[in-house]
Amino acid sequence: MRKYILGTTVLTLAMLTGCQLGGSIDVPENPTVIENLTEVDPVKPQVDDTIKEPETDIIEPESQTPETEKHENTEVSDNTEAESDVFHPDSDYFMMKNAGGYVSFVECKEGLLEKLPEKYSDFYSESETYFEALVDLDKNGEDDRFIVVNLNEPIYSNGMCGELYVVMDDGKTFNIGTEEYYEYYPELQFYEGEEENFAILNFANSVTGSDGYVFSGDQANGMIWFAEVPMGMKYINIFGDVVVFEESYSNSYVDGIWIGHTWMPHIFYYDSDRLYFFEYEVEEVSLEEVEEMSPIDFSEITNETTYVDQCYFRENGTLIVITINDINGNLDFTTHFYELAQSGWALVESESGLYIPNEYLAKYSENY
């Protein structure tokens, strides 16, 4: 029987800041295959709502490396960290676990109408600049195209502004939408899994905000867009999980107000039975229960004014520990992530701010 967290973190955090703190995924009910581009949404997979217990024993897969020569106009970068002028969390540990490769978008000045359906000749001419990246979304050995038609100059992302299309190798085309106010980053992360391939395209949606799209594909439906994964900059780690950095203002609680822009990593696994991404479940655990799992030393994260407030165990094997630095009633929060090592729990990363499990957000009701 799982324990569900009653906790003490305020739900008013979202109300005070106007920021979305996250929530449970609303699973799409039916897939919609778009062949007629007058429809709005690309294909979304059908998902069974039956709860499946995710595996807790993690086996590191063999490293997957995308082909380095996809197209004469496509470059694959060895970078392990996506560049961003907007998103600056202190997350070396999480970025170090990046998987797959980054495919750079290449600027093109000719041939747009040769790559889009004929109907788009009514909207575009051969004068538009566009950006293109090629990956094999549906694992059939043929390149599929990501195309961003340039509509505006980027202001803060040094990326691409325009209308996003995904064109499968059979010509089936998906129009994600005209988003002149979004600025796509100039690299697409590509991950080759054993059964599915995934691609992530991040973008800046405001001066301080970032988000990302998760895509896959199959030969029956074409492109698949996992549009219900929560908002936040994303990347795929070495286990094929999607890490989402969800924004909030949860760094400090001062005079009854939450302040401090934070980006907290939440991890979503791909369920091959339900064909969708779901967040690993967490449960609150006591200090005694943590010690029963394995020895732990909190001396490196506590002192005279800093104490452990809450501990969570996440089903991927990660221990999450929240500390509070209390100075005359003003509270500073830090979230620490531990993994098991031979000598016990090992601290691998600390993030400023408060980790709030999405599944239990609605159950938090009291102020600190």
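**Notes on the predicted model**

1. Tyr 184 and Phe 203 are both buried. The model is a predicted one, and in it these two residues form an edge-to-face aromatic pair, with 5.5 Å from centre to centre and 65° between the planes. Tyr 184 belongs to strand β7 (residues 173-184) and Phe 203 to strand β9 (residues 197-204), so the pair ties together parts that lie 19 residues apart in sequence.

2. The mean pLDDT of the chain is 75, and 69% of its residues reach 70 or more. Confidence is highest in strand β4 (residues 130-135), at a mean of 96, and lowest in helix α1 (residues 12-17), at a mean of 35. Over residues 1-97 the pLDDT is below 50, although this stretch has 253 contacts in the model beyond near neighbours in sequence. The pLDDT is also below 50 over residues 360-368, a stretch with 39 contacts beyond near neighbours in sequence. Where pLDDT is low, the predicted coordinates should not be read in detail.

3. As to overall composition, the secondary structure of the chain amounts to four helices and 20 strands. Of the 368 residues in the chain, 52% are buried. Among contacts with a separation of 6 or more, 57% are between residues 24 or more positions apart. The accessible surface of the chain is about 17,400 Å², and carbon and sulfur atoms account for 45% of this surface.

4. Which strands does β17 (residues 306-314) join through bridges? One partner is strand β16 (residues 282-285), which runs antiparallel to β17 and is joined to it by four bridges. Within this pairing, Glu 283 has Phe 313 of β17 as its bridge partner. The other is strand β18 (residues 319-327), also antiparallel to β17, with seven bridges between them. Here Gln 310 stands opposite Ile 322 in β18, and Tyr 312 has Ile 320 of β18 as its bridge partner.

5. The pairing continues from β18 to strand β19 (residues 330-341), in the antiparallel sense and over nine bridges. Ile 322, which stands opposite Gln 310, also stands opposite Thr 335 in β19.

6. β18 and β19 form a hairpin with two residues between them, in whose turn Asn 328 has a positive phi of about 55°.

7. The C-alpha atoms of Val 285 and Leu 319 are separated by 9.3 Å, although the two residues are 34 residues apart along the chain.

8. Most residues other than glycine have a negative phi. Asp 255, not a glycine, has a positive phi of about 50°. Asp 255 lies in the loop between β13 (242-254) and β14 (257-271), and its relative accessibility of 67% is over the 50% limit, so Asp 255 counts as exposed. Leu 275, likewise not a glycine, has a positive phi of about 60°. Leu 275 is found in the loop between β14 and β15 (276-279) and is partly exposed, with a relative accessible area of 35%.

9. One aromatic cluster is formed by Phe 198, Phe 226, Tyr 269, Tyr 270, Tyr 276, Phe 277, Phe 278 and Tyr 280. Phe 278, a member of this cluster, also has Arg 274 over its face, at 3.7 Å from the ring centre. Elsewhere, the charged end of Lys 119 sits over the ring of Tyr 120, at 5.9 Å from the ring centre.

Key
Residues are numbered from 1 along each chain as its sequence is written. This is a predicted model: local features need pLDDT of at least 70, side-chain atom pairs count only at pLDDT 80 or more; totals for chains, interfaces and linings use all residues. Side-chain values use heavy atoms; hydrogens and water are left out. pLDDT is the predictor's confidence in each residue, from 0 to 100. Contact means heavy atoms within 4.5 Å. Rings of Phe, Tyr and Trp (its six-membered ring) pair if their centres lie within 6.5 Å; planes under 30 degrees apart count as stacked, over 60 as edge-to-face and the rest as tilted. Buried means under 20% relative accessible area, exposed over 50%, partly exposed in between (1.4 Å probe, protein chains only). A charge sits over a ring if NZ of Lys or CZ of Arg is within 6 Å of the ring centre and within 35 degrees of the ring normal. Two strands pair if DSSP finds at least two bridges between them. Accessible areas come from the Shrake-Rupley method with a 1.4 Å probe; for residues, only the protein chains shown count as cover.
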